[in-house]
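Visitor: I have the model open on my screen. Could you walk me through its salt bridges?

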Amino acid sequence: MRGLFYQLKSVWKDKLCMMSFFLPIVVALALHAIGGIDLSSVAEFHFGVLEQDLSARTIVWLERYGSVTAYETQEELTAAINEPSTSMIGVTADGENIRTMVSGDELDLFRQTADTLPTLYRERESAERISVTVLERPDLMAGLQNICIAITLIAAMFMGCTYNAVNMIAEKENGVDLVNQILPVTQGGYVVQKIFVGFIGGCLSAVLTACCYFRLPMKSLFFMVVLMILSTLIASLIGLFVGKLSKNLMAGVVYIKIIMIIFMAVPLVSYLMGASGLLATICYLVPASAAFEGIMKLADGDTLAIAKDMFILMAHCMGWFLLYLLVSKWQKKHLSLGA
């Protein structure tokens, strides 16, 4: 137990580990804050008119579709339309009809609206007799936020790789690894200590990250905890390989960056492409793919379909653990023969 305490104490003194611990939490807090911002005004129509140009009835008709701003001169109206930060549509009188003006750098939505508006105004009396059903607009940001928080959770859960790797590399550079080799510690005990360091740090970071965003029912919360435990355990096991193969901290950082890019890019691309069949099976070779898929299913309230992802993560846990034992045994035998 004292050995585990010293391992954790060493990790918490490392600036890279502490930054890795708090970064996903900060990102989750930022996503939670963004989720509370109303972005519906971004797609709102803005009309610019000249004072004393349009009738009051026309102004009221325009206000049904968006906000109306009056300008004193044509130069002020033109400058407002050409302002790059706005998508204002200029509206002026054209006899009994209206004429619209745009700068040309707007989105297609605003250009099409500007082209259609004069016809809609001319046929406004006929349009008023048409029955219109207003459908609820889907929240486009909700799906994007779920993807972002899933990627952030992946980063938090797989940060256990960083804790283990940095700790083992630091021991190599400080000569502590040589002392560990002569201490009465079994190979299994050494592996447990190293896994425990990354496991505790990764789990704690993932739990705090999830608490910043997710509000899940108890049933879904249980599955989320299981996903975190399995994913963090896999990351800790992979961290053992990084720590064993890295000769110095610079090489370890490079390996960690490559692993994190793979863990975040593969599940994201697979999800956006809707991968299936053989391609999806290949993506499952990266454990983060199953974790990402499980998080997205829990965010959508689908707890029954998560069994496959949990099974894949369990298989990864056993596979990486056995692989590490085999590599360690082979390395020890190779060194003894070389001696």
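Visitor: How many salt bridges are there by your rule?

Guide: The count comes to three, where a salt bridge is a side-chain nitrogen of Lys or Arg within 4 Å of a carboxyl oxygen of Asp or Glu. Please keep in mind that this is a predicted model, in which local features need pLDDT of at least 70 and side-chain atom pairs count only at pLDDT 80 or more, while totals for chains, interfaces and linings use all residues. Residues are numbered from 1 along each chain as its sequence is written, and side-chain values use heavy atoms, with hydrogens and water left out.

Visitor: Why is the contact of K297 and E293 called a salt bridge?

Guide: Their N to O distance is 3.1 Å, and the limit is 4 Å, so the pair qualifies. Both residues belong to helix α14 (residues 287–299), four residues apart, about one turn of the helix; helices here are DSSP runs of H or I with at least four residues, numbered from the N terminus.

Visitor: Why is K297 called buried?

Guide: Its relative accessible area is 17%, and buried means under 20%, exposed over 50% and partly exposed in between (1.4 Å probe, protein chains only). E293, at 23%, is therefore partly exposed.

Visitor: What makes E293 and K308 a salt bridge?

Guide: The closest N and O atoms are 3.5 Å apart. E293 lies in helix α14 and K308 in helix α15 (residues 307–338), so this pair ties together parts that are 15 residues apart in sequence.

Visitor: And which residues form the network?

Guide: D309 and K297 also meet in a salt bridge, at 3.2 Å from N to O. Through shared partners, salt bridges join E293, K297, K308 and D309 into one network.

Conventions: Helix = DSSP H or I, 4+ residues; strand = E, 2+ residues; numbered from the N terminus.
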